[in-house]
Amino acid sequence: MQLELRHLQAVCQIAEAGSLGRAARRLGVSQPSLSAQLRRIERVTGGDLFVRSRTGTEPTPLGRFVLARARRVLSEMDALGTRARAVATDAPLRLGCILLVLVDGLLEQTGLSLSGQEITVDLEHSVTALTRMLGAGRYDAIVYGEVNDHEVPLPEGVLARTLIPEEPFSVRMPAHHPLAGRECIELADLADEAWMSLVEDDDGGPEAFAEACARAGFAPRLRHRIADRKMQYALIAGGRAVALSQPTAPGAEGTVIRPLVGAPLTGRIRLAWNGSAVPARQAELLYRAAVCAYLSNVDNNAFHRAWWDTHPELHPPYERHELQSSDT
């Protein structure tokens, strides 16, 4: 076997994630598959690249040697992709997104705002993967989230702008749940529930959730990690789990969404783009399209509309009708 770029990326991801499990989730593969791939890579390099323990993985001396050169190679390839993208004048705009509520509306709004230009949209479950592919030139722009005070590091040459500076996370629960009739839910009252694990593990969400639960006096029982929304909603409707939810999420049969008292977790939504590939005018249109897509979901839940109206300082610097109008 010869080493390929994907092998170098896997080694770097294991080092950055600190564990095979987290690296596998970010790469979108199973942990056994990544472990098998690492063993094949180690056979080529001639020895163990990582020391594994209960706390995660640490590179060996050989691992540090391979990592240094892998990062150099990947950096050169990233630069090649970015420069080639800047030269191309008729290529489609490539947009990467985390599975946020605004994604569906964003597809429609970018079609309206960037009429005449081909647009491709891909969904990822890892912010790390998104930012790396943005830096490598595989995406021109990305839309992603951050939880509480977490800040996602961005590659060199990438520009970013906050779409929504703050939104309070809510909880989705079965409609027949004993607490479903309350207007607001205390996090501590959900101590005995089975929780859906957050799909993203590198946006600050898991750590913020664990800390919020600890302050409420319990450790959450994480039972399911499912990216498919329909499967999530079916499990919740069946009484098998509760889950954190964006307050703009739509309703689903058999479930209800309720705000959490004191907003123990908040999200932030951001747009980032490659400055050498996306002109300022195009970045502005993308920003307006994403904001408009978010605003179209504010009325999905009455409690969030009420919260939104009482926090004008968090509103984007454009009125909705301005975002929807043509600006040519």
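Mentor: One term to begin with: buried means under 20% relative accessible area, exposed means over 50%, and partly exposed is in between (1.4 Å probe, protein chains only). This is a predicted model, where local features need pLDDT of at least 70 and side-chain atom pairs count only at pLDDT 80 or more, while totals for chains, interfaces and linings use all residues. Residues are numbered from 1 along each chain as its sequence is written, and side-chain values use heavy atoms, with hydrogens and water left out.

Trainee: How many salt bridges does the structure hold?
Mentor: Nine. A salt bridge here is a side-chain nitrogen of Lys or Arg within 4 Å of a carboxyl oxygen of Asp or Glu.

Trainee: What does Asp 189 pair with?
Mentor: Asp 189 bridges to Arg 182, at 2.7 Å from N to O. Arg 182 is partly exposed at 39%, and Asp 189 is partly exposed at 38%.

Trainee: And Arg 288, which residue does its side chain meet?
Mentor: Glu 284, at 3.1 Å from N to O. They lie four residues apart in helix α9 (residues 280-295), so about one helical turn separates them.

Trainee: Is Arg 288 buried or exposed?
Mentor: Arg 288 is buried, at 16% relative accessibility. Glu 284 is also buried, at 18%.

Trainee: New topic. How many disulfides are there?
Mentor: Zero, in a search of the whole structure. A disulfide would be a pair of cysteine sulfur atoms within 2.5 Å.

Trainee: What about Cys 12, buried or exposed?
Mentor: Cys 12 is buried, at 3% relative accessibility. Cys 292 is buried too, at 1%.

Terms used:
Helix = DSSP H or I, 4+ residues; strand = E, 2+ residues; numbered from the N terminus.
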